[in-house]
2 protein chains.
Amino acid sequence: MPTISKEDYIKAIYQLESYPDKSVSTTDVANKLEVSKAATSEMVQRLSEQGFLNYEKYRGMSLTEDGKRTALHVIRRHRIWELFLVDVLGLTWSEVHAEAEILEHSTSDFLIERLDKYLRHPKFDPHGEPIPDKYGNLPELPDWVSLPKCEVGKSYRLVKVTDSSKELMDYFTEIGLSLNKVVMIVSRLSYDNSTIIQVGNDSFNISEKIASNLFFIEDV
Amino acid sequence: MPTISKEDYIKAIYQLESYPDKSVSTTDVANKLEVSKAATSEMVQRLSEQGFLNYEKYRGMSLTEDGKRTALHVIRRHRIWELFLVDVLGLTWSEVHAEAEILEHSTSDFLIERLDKYLRHPKFDPHGEPIPDKYGNLPELPDWVSLPKCEVGKSYRLVKVTDSSKELMDYFTEIGLSLNKVVMIVSRLSYDNSTIIQVGNDSFNISEKIASNLFFIEDV
DNA sequence: GTTTAAATTTAAGCATTCCTAACTTAAGAA
DNA sequence: TTCTTAAGTTAGGAATGCTTAAATTTAAAC
């Protein structure tokens, strides 16, 4: 049974592994968790001894099957809590992450299954991220496109929002964007590649940088 | 901001202080938390230095105002979670304690206020224990009597159940006893001072020892 | 192919929280 | 009032998880 700290490292490494063509380095993990490289180096060795990581000194690391299972277990708890906080307690996108970050380490399997049942076995969290089931299996992902690639004139449904900052999340909340919202692509300005979308009765110009955090599927 | 461990000590001391005519000793705390007396002695000194306790070596301890405030803060979180787990997720009496024991240390003030609001600012937890408000004020307590003192022939409403064991809690759940349930006192056997109560259509003989965990107010 | 800079690991140290064992104090029995 | 024992404290040690500083390895520049 890993400690809170170990769960944080394992989760971080799992997330860093998702970037293709790049093995995970000590520095990557240290930056992500905002701890020293020395602390990371130590911890990585301990996790390796305990079978969560494959690791060769100076050569980067990768999670073992055991490590992946543990990571998905933490991620499941995190995402179920996020969904619960948004759907039941009405927290906003920007409010949930910090709370879930703590709760994910303080929730028994028993309680998580009860929450899961209460939420009717959800497959995606409020940001559209997939929730692993209790065996660690991820649901199939929809075939989304990011907003800069959505075609003008068509309608799309929002299925994923990457949470890069509180400011951005609050902005999305403010303009009424939420998961499964249907928006119309009004136009795209070639000048800066920004996109004008219509949400309800209002239109908004979304810069390319912001738009790259929004993922849609065509609404048919 | 006290650590989890410190919160546990402060809460334990608060609870031990509630027994009248007895100052709290190192041994009391050590037994309650199931740690060594040495660990307790050390921690008590640290808590005293940090202003949570009044403490003189070999002379027992008592919480300062600061300590009491901290204890009530933890207790508030614990009881709100217990109520939530029972009322919303449908956990049983015996299931909630262990979960709340962890969650009480992992919940921000912000989240607790949201839970409190969701539960409509409850005054009592599922065991009938009072929930301190966010300023640490306890609600006024009803004037309960324990079951062995309830009068035969009268109806009473259950307002408090002390959770001495899982077995007992499960038994209460099984016979349909829950907070605010109205029961009729059918008779009392002088042989062993047990009480026969009617819950719904069924009657049960409750031994004096068990009965002393149940507290009622007369139902008018 | 060296040299140098960046990445990584090791070393030394600190805080927290626990343990067991040894010692000290207090309090009740004789 | 002294003696004994129970209660309480100190000492020494371990695990976790972090820090900064020093040493080492790798990799990239020249």
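By class, the residues near DNA strand C comprise 9 nonpolar, 8 polar and 6 charged residues. The model described here is predicted. In the largest nonpolar core, which has 32 residues, the members that touch the most others are A:Trp81, A:Phe84, B:Trp81 and B:Phe84. A further topic is helix H7 of chain A, which spans residues 166–174.

- Sugar or phosphate accounts for 77% of the atoms of DNA strand C within 4 Å of the protein, while the rest belong to bases.
- In chain A, an N or O atom in the side chain of A:Thr27 is 2.2 Å from a phosphate oxygen of DNA strand C.
- H3(B) gives the largest share, with 5 residues.

**Largest nonpolar core**

- In soluble globular proteins, nonpolar side chains tend to be buried together.
- Of the residues that touch the most other members of the core, two belong to chain A, A:Trp81 and A:Phe84, and two to chain B, B:Trp81 and B:Phe84.
- At least two residues of this core are supplied by each of helices H4 (65–87), H5 (93–103) and H6 (109–118) of chain A, and by each of helices H4 (65–87), H5 (93–103) and H6 (109–118) of chain B.
- With residues up to four places away in sequence left out, B:Trp81 touches A:Trp81 and A:Leu103 in chain A.
- Within chain B, the contacts of B:Trp81 include B:Ala100, B:Leu103, B:Glu104, B:Thr107, B:Leu111, B:Ile112 and B:Leu115.

**Helix H7 of chain A**

- The buried residues of H7(A) are A:Leu168, A:Met169 and A:Phe172.
- These residues lie on the same side of H7(A) because they cover an arc of only 100° around the axis.
- An α-helix has 3.6 residues a turn, so residues three or four places apart point the same way.
- A:Lys166, A:Glu167 and A:Glu174 are exposed on the other side of H7(A).
- The buried residues of H7(A) are covered by elements of chain A including H5, strand S4 (155–161), helix H8 (208–211) and strand S8 (214–218).
- A:Gly176 follows H7(A) and has a positive phi, near 85°.

Conventions. Residues numbered from 1 in each chain as written. Chains lettered and ligands numbered in written order. Predicted model: local features only at pLDDT ≥ 70, side-chain atom pairs only at ≥ 80, totals over all residues. Heavy atoms only, no water. Near = heavy atom within 4 Å. Polar contact = N/O pair within 3.5 Å; in protein donor to acceptor, adjacent residues only side chain to side chain. Helix = DSSP H or I, 4+ residues; strand = E, 2+ residues; numbered from the N terminus. Nonpolar A, V, L, I, M, F, W, Y, C, P; charged D, E, K, R; others polar. Core = buried A, V, L, I, M, F, W, Y, C linked by side-chain atoms within 4.5 Å. Buried < 20%, exposed > 50% of the residue type's maximum accessible area, 1.4 Å probe, protein only. Contact = heavy atoms within 4.5 Å. Arc of directions from axis to C-beta.
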